[in-house]
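Let's take this one a question at a time and check each label against the rule behind it. Have the sequence and the coordinates open as you go.

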Amino acid sequence: MNPGPIALGHVCDAHLARHDAETLALALLQHGARVGVVHWATGLKSTVLAGWYRQLHGRAPPRGPLPDSAGSMIRTRTEHAAASLFGVVYAEHRRDGAIGRMIDPHGLVRAYELYLALIDGPHAGVLGINQAWIVARDLRAGLAAIAWCPACEARYIAMRDAILIGCPLCALYARAGGRASPRRAEHRDATSR
Ligand SMILES: [Zn+2]
């Protein structure tokens, strides 16, 4: 950010901050973020944000509470794998240190857009941005952590108080008829699969 002339510094900074908040708000709203999440991330007025949501999506913004935690929200291994992919990307892109105890909302948007690119765009079963925000919040709060699977060597989200324990990729692989551990499989003779 350019500091600008000293006499106008405050004005410019305020304008830039405002512009930055509005750009961030629009990016979040375009992805379908809840007004409450966008208000938290940008500090812009909820009534203004609700109007923008209506303009972007042609309907009123949804209401009602978001899930308390990633652990209560993620109920299937497919959702767990999606949350893990986002969580790993976000962990690489967040700048928590720069803004103290907060989640990094710019990092959230960058990581979410990269996540969408990795899975080849939005489709059914994709992690929504509000769910992504909950994952980011839980990672920040220590309610979730990035774990490492010694069997398939993937990183995944381990959530406190979750129904789903262990690596989602190994679980999906086993469900699809694969062996639970590719490493163990290396030591076996080839069978029918
Ligand atoms: Zn695994």
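Q: What makes residues of α6 count as buried, and which ones are they?
A: The cut-off is 20 or more other C-beta atoms within 10 Å. In this predicted model, the α6 residues that pass are Pro 105, Gly 107, Leu 108, Val 109, Ala 111, Tyr 112 and Tyr 115.

Q: How do you know that the length of α6 fits a helix?
A: Count the residues and compare. At 1.5 Å a residue, the 14 residues of α6 should span 20 Å, and the end C-alpha atoms are 20 Å apart, so the two agree. Just past the end of α6, Asp 120 has a positive phi of about 70°.

Q: How do you know that Leu 28 is buried?
A: Leu 28, a residue of helix α1 (residues 9-30), has 28 other C-beta atoms within 10 Å. The threshold is 20 or more, so Leu 28 is buried.

Q: What is Leu 28 in contact with, leaving aside its neighbours within four places in sequence?
A: The list is Ala 33, Val 37, Val 38, Ala 41, Val 109 and Ile 129. Val 109 is itself one of the buried residues of α6, and Ile 129 is one of the buried residues of α7.

Q: Which residues make the contact of α5 with α6, and of what class are they?
A: From α5 come Leu 85, Phe 86, Val 89, Tyr 90 and His 93. They meet Gly 107, Leu 108, Arg 110, Ala 111, Tyr 112, Leu 114, Tyr 115 and Leu 118 in α6. By class, that gives ten nonpolar, two polar and one charged residues.

Q: What does α5 do with α8?
A: The axes of α5 and α8 (residues 168-175) come within 9 Å and cross at roughly 140°. Here α5 passes α8 in a left-handed crossing. The residues that meet are Arg 77, His 80, Ala 81 and Ser 84 in α5 with Pro 168, Leu 169, Ala 171 and Leu 172 in α8. That contact has five nonpolar, two polar and one charged residues.

Q: How do you know that the length of α7 fits a helix?
A: Same kind of check: the 13 residues of α7 (residues 129-141) should span 18 Å at 1.5 Å a residue, and the end C-alpha atoms are 18 Å apart, so that agrees. The buried residues of α7 include Trp 133, Ile 134, Val 135 and Leu 139. Just after α7, Gly 142 takes a positive phi of about 80°.

Q: What makes the phi of Glu 153 worth a look?
A: Most residues other than glycine have a negative phi. Glu 153 is not a glycine, yet its phi is positive, about 65°. Glu 153 sits in the loop between β1 (144-148) and β2. Asp 161 also has a positive phi, near 55°, and is a residue other than glycine; its place is in the loop between β2 and α8.

Q: Why are Glu 153, Asp 161 and Ile 163 called exposed?
A: The limit is 12 or fewer neighbours. Glu 153 has 11 C-beta neighbours inside 10 Å, so it counts as exposed. Asp 161 is exposed too, with 11 other C-beta atoms within 10 Å. Ile 163, in the loop between β2 (155-159) and α8, has 11 as well and therefore counts as exposed. The C-alpha atoms of Ile 163 and Met 73 are separated by 10.0 Å, with the two residues 90 apart along the chain.

Q: How many helices and strands are there, and in what pattern?
A: The chain has nine helices and two strands, following the pattern α-α-α-α-α-α-α-β-β-α-α. Of its 193 residues, 30% count as buried.

Conventions:
Residues numbered from 1 in each chain as written. Predicted model: local features only at pLDDT ≥ 70, side-chain atom pairs only at ≥ 80, totals over all residues. Helix = DSSP H or I, 4+ residues; strand = E, 2+ residues; numbered from the N terminus. Expected span 1.5 Å × (residues − 1). Contact = placed C-beta atoms within 7 Å. Nonpolar A, V, L, I, M, F, W, Y, C, P; charged D, E, K, R; others polar. Axes fitted to C-alpha atoms, helices over the stretch in contact; angles between N-to-C directions. Left-handed = near helix turned anticlockwise from the far one by under 90°.
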